[in-house]
Amino acid sequence: MFLSKIWFMLIALAAAVAGTFALIAPRPFERKLEAAEGQRLDRAQYAAEQMFKVDAHKWIDHVGKLGRDAIIAESLDAASRGSGEERVIHRTIQDRFRTLIPDLASGGIDTIVAIDTKGRVIARVGENEKEYGDNIGGAEIIGDALRGWLSDDVWGVGGELQRLAAAPVLSKNRDRIVGAVYVGAETGPALVERLKKNLDVDIALLLRGKVIASSRAPGEMDALPELITHHAKEIETAKRTLPIKMTVGKEDLIVVAAPFPGQAGEQQAYYALIGEHPANSGITALFANATSDDLKWGNFHWLPLITVVFGAIIIGLFLQRLEVDAPIGRLRRELQRLASGDIPKIQDRDYGGKVGGLARDINAAVEHYTHAPTQRSDIAGKDLNAILGPSGGSTFDLPEAGSAFAGGTPPPAFAPPPPPSFSAPPPPSSFAAPPLPSFSPPPAPSFAEPQPFNAAALGFGPSGGSASASSPSGSNDISLPGATKPSAWGQSLPSQNGETSGVDNEATRVVPYDAEEEEEAHFRNIFDDFIAKKRDCGESTVGLTRDKFLQKLRENKASLVAKHNCRTVRFSVYVKDGKAALKATPIRE
Amino acid sequence: MKTQRNPVTRVFSLFLVPLATSLTFAPSAQAATVRGVVKMPDASRSTRLYQGYWRLENGNVPVQTSGGVKVETVVVLENVKGAHAPSARTVTIELGSLDARPRLVITGPGSVVELKNTGKVRHELSTPETPDVMPLESLAPGGTRHARFDKIGGFVIRDAEYPHIMISVIIVGTTYFSPVDDKGGFSIPNVPDSSATLKVWTRGKWVAEQQIETGSLGKEELTIKVVSQRDREKAEQEAKAAE
């Protein structure tokens, strides 16, 4: 089991390493993908910045052209000088604007405004185009235009972003500034859409802590203002953020944010570029992102995997067989041999580990039962070979027809039970009465005539003890099981198996003669003949008891009768291969 | 042994002591003019507070470089011996034409700033760095708002809707201050000889501070070089790296 355990540990270790590797392996790639996505957003942010810059220049160019228009210049000159009807000038400039830029919306323009040198609005087109006369000269971009600068700015007014470009309007002679013109460009959903189309990233515009436009679904960017607020210092110094992670529901995003220029920058006006975070490397994401193509033969190393798996299984099975199956099989065979009496005990030294322990336990159990005090337990469970004699050699051969007990099998390895330790009580003079057995006297036997029996088979012979010596008849006959034999002291002697046994006397003999009795007598004769033959053949008869022998004959007779549908079976003893054997002959009539 | 002097000598001695005393202490009692130039960083020379991407000259008419946020620079001499705070007063600031006039107020503690919205747009005014002085409130067209400034220091009133509208309110404990002209020049007359702290305020914050001895200046012109925040941070980083 040691190697098997080590193997399983190695397999578990390898599985753990493989699992860890499977989970960790995507991490570097995930980081690289994240970095790559961050770099993509960096480039997108740079591109967006350039777009804004180019846009601003484009608007400045547009508004510069408007400022060079003669009609607008003359009208504003008149307005600045206070000559002419203000309403007429207003209409004139409006019409001129509409002539020059017929479709504001297609050009992304929200409004065009003309201002005189005092900062008063002379005319508007687009938003609030009916209003004029108000002064906006304090706005920096307007003030700059009136100083002669062409510039741009971003405003965040009324919760909306507006990109502005302003230019001075010069007099007809281009020697003085007579006013200014500015355009306001839409900075909202349309810009977001255009940026997304050009940059292939999601865009969100923020103003004063609110998302005012986004290419993603409403509500997804709710956490963005707070996230960017946390990086306000970074934005202030670097004019942008590094790629930062943001979680929206179950989706991880990467965000790069940068401020808008101009005074909107003071109003927390940012544009954020949003990219999708690469897939997580968790086990769920690992399976979720795998496709069936990944498991195709061409894309997956199935052969090495199968080789490794089967190799592991084969090695495991080999070790299992080596350390578990084989020893258990061997133990089982030894147990069978032990049960059949071929071996006295299991060679537990041949086994290691738990199987060895099991073998030792079995030996201990066998040892326990073989040293039990009763003879019944000694022979309990023994098969016919054990019954037929410890020296073996005799078998009980029952062929299909003309059945016979044939010998020839090797002697049972099972150690014969020790001879009954019972001995005749010592003479009365030196003997204190032995304790009386606690059992009740058995019923009288149903037969009367005892058959001759070799008492030595049970150890009662001359070499086995003094039981025969104590027999009043002086013969080696002993009573059948169940017969009670009074002792020399008028008491029945207990047999080793707990039953009362003793030497028959005339008073106890019952002589009913019928077929059953005749058969019993036949069996006893056979037993006697069998014992005699065994002795003649030099075989040991130790442990061979008449009760078991007779019981076995009865059982075999019953099975043969049932099998051959005969009336009875007659047994005979003969010598086969130098050993005593039994032969059964079915009697049909 | 004490020498007896004649009466003429005695009379002369009587005049000599006050004369010597007056000659000894005369310089400290004299008033001087502290003048100089504040050299702003390039980025601060603009008339704009916030820049867009582009700022181009028109190519025909020379651009004007005066006005705008440049007029919001002031030099203040603090800790001048014998100086006293200006009296408290009410200063009215008009908000109109997307502008505030005046953009710079220098006054004494306890003064009240009255903000009148004469324009057509709503203003959201506050002092963001000291919100207890002036929390964010909307000022509708035609409306007026008052704010009292008790503490000495510089305060900035800002408009959340129009960030370029930035009103500097400087509460001083001295009468020795002077706005800076377009070229950065300043002049503070009648400054008593004393050690003093010269501070420069521009674009909503103190940008320079240095100790001067007004008595030793004479006709010397001070040159106050204002370092931009970026340059200051860069210098600090270099100093740290050198350490």
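Student: Is the crossing of α2(A) and α6(A) left-handed or right-handed?

Tutor: That crossing is right-handed. The rule: if the near helix is turned anticlockwise from the far one by less than a right angle, call it left-handed, and if clockwise, right-handed. Before we go on, this is a predicted model, in which local features need pLDDT of at least 70 and side-chain atom pairs count only at pLDDT 80 or more, while totals for chains, interfaces and linings use all residues. Residues are numbered from 1 along each chain as its sequence is written, and chains are lettered from A and ligands numbered from 1 in the order in which they are written.

Student: At what angle do the axes of α2 and α6 of chain A cross?

Tutor: Here's the general idea: two packed helices are described by the angle between their axes and the distance between the axes. Helix α2 (residues 26-67) of chain A and helix α6 (residues 189-199) of chain A cross at roughly 130°, and their axes come within 11 Å. (Axes are lines fitted to C-alpha atoms, for helices over the stretch in contact, with angles from 0 to 180 degrees between N-to-C directions. Helices, H or I of at least four residues, and strands, E of at least two, are DSSP runs numbered from the N terminus.) The pair α2(A) and α6(A) is therefore oblique; under 35 degrees counts as roughly parallel, over 145 as roughly antiparallel, 65 to 115 as roughly perpendicular, and the rest as oblique.

Student: Which residues of α2(A) and α6(A) meet?

Tutor: A44(A), A47(A), A48(A) and M51(A) from α2(A) meet L195(A), N198(A) and L199(A) from α6(A). Contact here is a matter of C-beta atoms, placed from the backbone, lying within 7 Å. By class, this contact has 6 nonpolar residues, 1 polar and no charged. (Nonpolar covers Ala, Val, Leu, Ile, Met, Phe, Trp, Tyr, Cys and Pro; charged covers Asp, Glu, Lys and Arg; the others, Gly among them, are polar.)

Student: How are α1 and α10 of chain A packed?

Tutor: Helix α1 (residues 2-24) and helix α10 (residues 302-339) of chain A pack at about 160°, with their axes 8 Å apart. That makes α1(A) roughly antiparallel to α10(A). Their crossing is left-handed. Among the residues in the contact are W7(A) and I11(A) of α1(A) and I315(A) and L319(A) of α10(A). The contact divides into 7 nonpolar, 3 polar and 1 charged residues.

Student: Now sheets. In what order do the strands β1, β14 and β17 of chain B lie?

Tutor: In general, strands of a sheet pair through backbone hydrogen bonds, either parallel or antiparallel. This open sheet of 3 strands runs in the order β14-β1-β17 in chain B, and the pairing is mixed. β14 (185-192) and β17 (221-225) of chain B are at the edges with a single partner strand each, so one side of each has no neighbour in the sheet. The twist averages 30° from one strand to the next. Strand β1 (residues 31-39) of chain B pairs with β14(B) over 6 bridges in the antiparallel sense, where pairing takes at least two DSSP bridges. The bridge partner of A31(B) in β14(B) is P192(B).

Student: How many residues does each chain bring to the contact of chain A with chain B?

Tutor: Chain B brings 27 residues and chain A brings 36. Strand β2 (residues 55-57) gives the most on the chain B side, with 3 residues. That side has 11 nonpolar, 10 polar and 6 charged residues. Strand β3 (residues 149-157) of chain A is joined to β2(B) by 3 bridges, and these strands run antiparallel. L150(A) stands opposite L56(B).

Terms used
Two residues are in contact if their C-beta atoms, placed from the backbone, lie within 7 Å.
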